[in-house]
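Here is a quick look at the charged side-chain pairs in this model. Have the viewer open as you read.

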Amino acid sequence: MNNSELRTTVAELQDLYSQAETIKAEITAREAQIKQEMENREVEVIDLGTAIIRFTSILSNKFDTKRFKADFADIYNMFLKQVPSRRFTIA
């Protein structure tokens, strides 16, 4: 692939990124509308026949890494592991 083809591919990719951001924003807005309606109805499940919508409350346990690191830095550092990775960016 020469530089001209690469520039075209990058431009197309940037356009797709832009479209994806627009679509993501639209998805978030529509989800918010549905969640608000469910809160207004005071329900956690709606069966539309074609889809079942659930907006349920759950409790989960999360490990507080920040606090553990602050309180037990020496132990935290013993279990750190460097992992190689590659990052792809377009600026």
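## Glu26 and its partner

At 40% relative accessibility, Glu26 is partly exposed (buried is under 20% relative accessible area, exposed over 50%, and partly exposed in between, with a 1.4 Å probe and protein chains only). Its side chain meets that of Arg30 in a salt bridge, 2.8 Å from N to O; the term covers a side-chain nitrogen of Lys or Arg within 4 Å of a carboxyl oxygen of Asp or Glu. Glu26 and Arg30 are about one helical turn apart because they sit 4 residues from each other in helix α1, residues 3-41. Helices here are DSSP runs of H or I with at least four residues, numbered from the N terminus.

This is a predicted model, with local features needing pLDDT of at least 70 and side-chain atom pairs pLDDT 80 or more, while totals for chains, interfaces and linings use all residues. Residues are numbered from 1 along each chain as its sequence is written, and side-chain values use heavy atoms, leaving out hydrogens and water.

## Glu37 and Arg41

Helix α1 also holds Glu37 and Arg41, 4 residues apart, or about one turn. They form a salt bridge, with the closest N and O atoms 2.8 Å apart. Glu37 is partly exposed at 35%, and Arg41 is partly exposed too, at 48%.

Definitions and conventions. Helices (H or I, at least four residues) and strands (E, at least two) are DSSP runs, numbered from the N terminus.
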